[in-house]
Amino acid sequence: MTDALFLALSALAIWSGWRVFQVDSMVRASFQLMVSFIAVGLIAVLLAASYIGIATIFMMAVEMMVMALFMVMFMMNPAGLNPMSMVHQHRFAVAAGIVVFAGLSAAVLLSDLPSHPVPEGKDVVRDLGHELLGPSMLIFETAGVTLLATMIGAVVLSARSGRYGASDHGSLPPGLTLGGEPAGRKPDEAGSHHHHHGGH
């Protein structure tokens, strides 16, 4: 069962990592990367590195949600969801990926990894948690609540109901004067289709 889970999670991590470069928006790429990191964290849990695995899942999930939030807030196209290429410098990217994969594979296969079994009954995770977080627990708890609010905000901002109306119907901001022309950029006649800078 453990071997089957390891293979399934490994396949999920590789597939979702590949999908990061196949989807057509920064927000979708962020969520694909989050799935890949979660799969890697679960693999660490299977390998009895529970602290590292759980920490990876929590940290990467929050980080990817915050990244998606910033894409929604600051991308030139609406919510970072308009089609755009996720890959640049194709040849260099492929070459760099092959070199890094070969280097990491060689390090894993050729390294003499140490083996130091933990004494039975020793609560390693608890001791490590006290060592790392003991003096700063209140700070981490406060940061956790703040990041939770950020994630909820990301979901709200990326919802269909936009600030000035339904986000997929070319909603308009209010005018600068009562009854005046809408402020900011105006949608084209075709509706809510925005052109991406850099061109197709």
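**Before selecting anything**

The model is predicted, so local features need a pLDDT of at least 70 and side-chain atom pairs count only at pLDDT 80 or more, while totals for chains, interfaces and linings use all residues. Residues are numbered from 1 along each chain as its sequence is written, and side-chain values use heavy atoms, with hydrogens and water left out.

**The whole chain**

Display the protein chain as a cartoon: six helices and two strands are present, in the order α-α-α-α-α-α-β-β along the sequence. Helices (H or I, at least four residues) and strands (E, at least two) are DSSP runs, numbered from the N terminus.

Next, show the surface. Of the 200 residues, 20% are buried. Buried means under 20% relative accessible area, exposed over 50%, and partly exposed in between (1.4 Å probe, protein chains only).

Among contacts (heavy atoms within 4.5 Å) between residues at least 6 apart in sequence, 58% join residues at least 24 apart.

Select L12, W15, W18 and V35, which form a nonpolar surface patch with about 380 Å² of accessible area together. Patches are made of residues with over 30% relative accessible area and no salt bridge, with like charges joined within 9 Å and nonpolar side chains (Val, Leu, Ile, Met, Phe, Trp, Tyr) within 5 Å. A salt bridge is a side-chain nitrogen of Lys or Arg within 4 Å of a carboxyl oxygen of Asp or Glu.

Helix α1 (residues 2-19) gives the most to this patch, with three residues. W15 lies in helix α1 and is partly exposed because its relative accessibility is 45%.

Now move to S10, also in helix α1; S10 is buried, with a relative accessible area of 19%. Draw a C-alpha to C-alpha distance from S10 to L42: the two are 9.6 Å apart in space and 32 residues apart in sequence.

Select S36 in helix α2, where a relative accessibility of 11% makes S36 buried. Leaving out residues up to four places away in sequence, S36 touches A13, S16 and G17.

S30 is in helix α2 as well and is buried at 2% relative accessibility.

Continue to A48, in the loop between α2 (26-46) and α3. What is the phi of A48, which is not a glycine? It is positive, about 70 degrees. Most residues other than glycine have a negative phi. A48 counts as exposed because its relative accessibility is 68%.

**The nonpolar core**

Select M34, A61, M64, M65, L69 and A154, the largest nonpolar core. Such a core is a set of buried Ala, Val, Leu, Ile, Met, Phe, Trp, Tyr and Cys residues joined through side-chain atoms within 4.5 Å. Helix α3 (residues 50-74) supplies the largest share, four residues.

Centre the view on M65, which touches F31, M34, M151, A154 and V155, not counting residues up to four places away in sequence.

**Confidence and the final stretch**

Finally, colour by pLDDT, the predictor's confidence in each residue, from 0 to 100. The protein chain averages 77, and 76% of the residues score at least 70. Over residues 190-200 the pLDDT is below 50, and beyond near neighbours in sequence this stretch has twelve contacts in the model. Where pLDDT is low, the predicted coordinates should not be read in detail.

Technical notes
Areas by Shrake-Rupley, 256 points an atom, 1.4 Å probe, with all protein chains shown as cover.
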